[in-house]
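Me: Hi! I've got a protein model open and would like to talk it through. Could you help me read it?

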Amino acid sequence: MLSKPMQDALNNQVKLEASSSQAYLAMASWSEIQPGLDGVAEFFFLQSEEERIHMLKLMRFINERGGFAIVPTLEQPIVTYKGIKSMFEEFLQHELLVSNSINDLVELALSERDYATHNFLQWYVSEQIEEEKSARVLNDKLELIGDDKSGLYLFDRDIMSRRQGGGKK
Ligand code: FEO
């Protein structure tokens, strides 16, 4: 059985994952209308779906453990970007925010000696290592590319292989 503070904290995480899904959906839509960013758009459409899965997994866990998962109200995410670089910076910042939030949850689970939730959260801890790494690598690549258009062409072409190769990314 979840404690009330743990249930509330997990429901906050549901909201954060749902917000992530919306934020990445907006990134996908913005990318899709830019010339030559088809690969980036596809990447964020899939990323958005993945965040929804993260949200659902949490909701199912909360209900399974005797709590009540709340479907959250969401604010509109950022829908336009100055450019691809600022969008990917936002992507990284968002993932860092999610990682911090997961770490807080782990800390709460340990302080409550809620080992079931602690165990459940380990999947998210591993997931965040991957997500942060992926966002950092993509930002580093964009930094290297700078204003080189052929570099950006290759970036867009190759971004999906980061998801498909070696599992997810
Ligand atoms: Fe589910 Fe990318 O955080």
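Me: How many of the 169 residues count as buried, as a percentage?

Reply: Of the 169 residues of the protein chain, 44% count as buried. Buried here is under 20% relative accessible area, exposed is over 50%, and partly exposed is in between, with a 1.4 Å probe and protein chains only. This is a predicted model, where local features need pLDDT of at least 70 and side-chain atom pairs count only at pLDDT 80 or more, while totals for chains, interfaces and linings use all residues. Residues are numbered from 1 along each chain as its sequence is written, and side-chain values use heavy atoms, with hydrogens and water left out.

Me: Good to know. And what is the accessible surface of the chain?

Reply: About 9,300 Å², and 53% of that belongs to carbon and sulfur atoms. The areas come from the Shrake-Rupley method with a 1.4 Å probe; for residues, only the protein chains shown count as cover.

Me: Switching topic: which elements does the chain have, helices or strands?

Reply: There are 5 helices and 0 strands, so the order from the N terminus on reads α-α-α-α-α. Helices (H or I, at least four residues) and strands (E, at least two) are DSSP runs, numbered from the N terminus.

Me: What about the overall dimensions?

Reply: The C-alpha trace spans about 55 × 30 × 20 Å along its principal axes.

Me: How much of the contacts comes from residues 24 or more positions apart?

Reply: They account for 78% of the contacts with a separation of 6 or more. A contact means heavy atoms within 4.5 Å.

Me: Can we zoom in on Tyr 81? Where is it found?

Reply: Tyr 81 sits in the loop between helix 2 (38–64) and helix 3 (84–111). Tyr 81 counts as buried, at 13% relative accessibility.

Me: Which residues does Tyr 81 touch?

Reply: Leaving out residues up to four places away in sequence, Tyr 81 touches Met 27, Trp 30, Ser 86, Met 87 and Glu 90. Met 27 is 54 residues from Tyr 81 along the chain, yet their C-alpha atoms are separated by 8.3 Å.

Me: On to charges. How many salt bridges are there?

Reply: The count comes to 4 salt bridges, each being a side-chain nitrogen of Lys or Arg within 4 Å of a carboxyl oxygen of Asp or Glu. Side chains of opposite charge can pair when their charged atoms come close.

Me: Which residue does Asp 8 meet in a salt bridge?

Reply: Lys 4, at 2.9 Å from N to O. Asp 8 and Lys 4 are 4 residues apart in helix 1 (residues 4–32), so about one helical turn separates them. Asp 8 is partly exposed at 34% relative accessible area, while Lys 4 is exposed at 56%.

Me: What about Asp 158?

Reply: Asp 158 forms a salt bridge with Arg 157, with the closest N and O atoms 3.1 Å apart. Asp 158 is partly exposed at 34% relative accessibility, and Arg 157 is exposed at 51%.
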